[in-house]
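Trainee: I would like to take a close look at one part of this protein, namely its aromatic side chains. Could you take me through them with some care?
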Amino acid sequence: MKKTTLVCIAIFTTVVLIAQPSRWKSKRYFTVASYNVENLFDTIDVAGKQDSDFTPNGKYKWTTERYNKKLADVAKVISSICPKSLPDVVGIIEAENINVLNDLAAQSALAKAGYKAILDEGPDPRGIDCGLLYNPKTFNYISHKSIRVVLKSGKPTRNILYVKGLCGTDTLHLFVNHWSSRIGGMLESQPKRERCAATLRHSVDSLFAINKDANVLIMGDFNDEPANDSPYKILGAKEISAQSDLVNIMYQFEVNDWGTYFYQNDFSMLDNLIVSRNLTTCKSGFRLYGDEGFIHTPEWICFADKSGANVPSRTYVGNSYKGGVSDHFPVYMIFCK
């Protein structure tokens, strides 16, 4: 385990508390969150999907009681991100279908936002996809589409969800990602994530060709850290001090040996938040608050591992039900408007 993990947790917890706006005013701040919710499945076995493990008689004994607990827990996490209001937009990773997202939006902790849900079914054999919850009072939805990602083998991997909308008079372009996993080894699986990065870069370039100052907001589980080749070199999302048209505002967490996912006694910064450069440099209008994103780590979504580090409290470890919320911490970014 990285020796600095516990120190960094304490440091960044303090930084987050200091860096957040002292007053959260709905007319001034716009919050975007991203959360890999670790297999948010309903209990229904759908023909053509490999989802039978998440049924009452399946491998995970996934009952209605467990499903309802998971929904309530995820909703509680999202509702705790902003002290006085709910996030305006939430990218959801690992949701089975639109019904699951609607069930999540209907939870009592989130109901006051009146969230609308977006999710397009993709090619994942288990049926897990990227989705989006948005508050229609603060984000005016225009359109969305799924961006197909085809690997060099010719096989598809998970789609990228693109959503276009307005915050006031400012047009926002949101991309929700869940890049190919590291199953089979990091290096062996790297070409798959490079393909995801290249596909996303093509879409971003199409926007910049029309408007070099397009407001691009990219979020999701990349299964790569900010300095890895796929986000850094191919997508071109770099640290704020670099000369790049995309800025990864989670870069500093990798530099300081912290992250959102804990595996084999180590944190990895897999959940990235990336914005177009103009959102970090403009002095008025819609713009990033500060230069960094945030990791949300309330104590009640953590458990202490053998070293004493607070790590994400998982729903399952192997086939064993633990009742935690997710194996990832959520991340978020704040904008002034």
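How many aromatic pairs does a search of the whole structure find?

Mentor: In this predicted model, a search of the whole structure finds 21 aromatic pairs. Phe 30 and Phe 286 are both buried. Turning to another pair, the rings of Phe 54 and Tyr 60 have centres 4.7 Å apart and planes at 45°, which is why this pair is described as tilted; Phe 54 is buried, and Tyr 60 is buried as well. Phe 54 and Tyr 60 also belong to a cluster, in which ring pairs link them with Phe 41, Trp 62, Tyr 316 and Tyr 321. One ring of that cluster, that of Tyr 321, has the charged end of Arg 66 sitting over it, 3.9 Å from the ring centre. A further contact of this kind involves Lys 76, whose charged end sits over the ring of Trp 300 at 4.2 Å from its centre.

Methods. Residues are numbered from 1 along each chain as its sequence is written. This is a predicted model: local features need pLDDT of at least 70, side-chain atom pairs count only at pLDDT 80 or more; totals for chains, interfaces and linings use all residues. Side-chain values use heavy atoms; hydrogens and water are left out. Rings of Phe, Tyr and Trp (its six-membered ring) pair if their centres lie within 6.5 Å; planes under 30 degrees apart count as stacked, over 60 as edge-to-face and the rest as tilted. Buried means under 20% relative accessible area, exposed over 50%, partly exposed in between (1.4 Å probe, protein chains only). A charge sits over a ring if NZ of Lys or CZ of Arg is within 6 Å of the ring centre and within 35 degrees of the ring normal.
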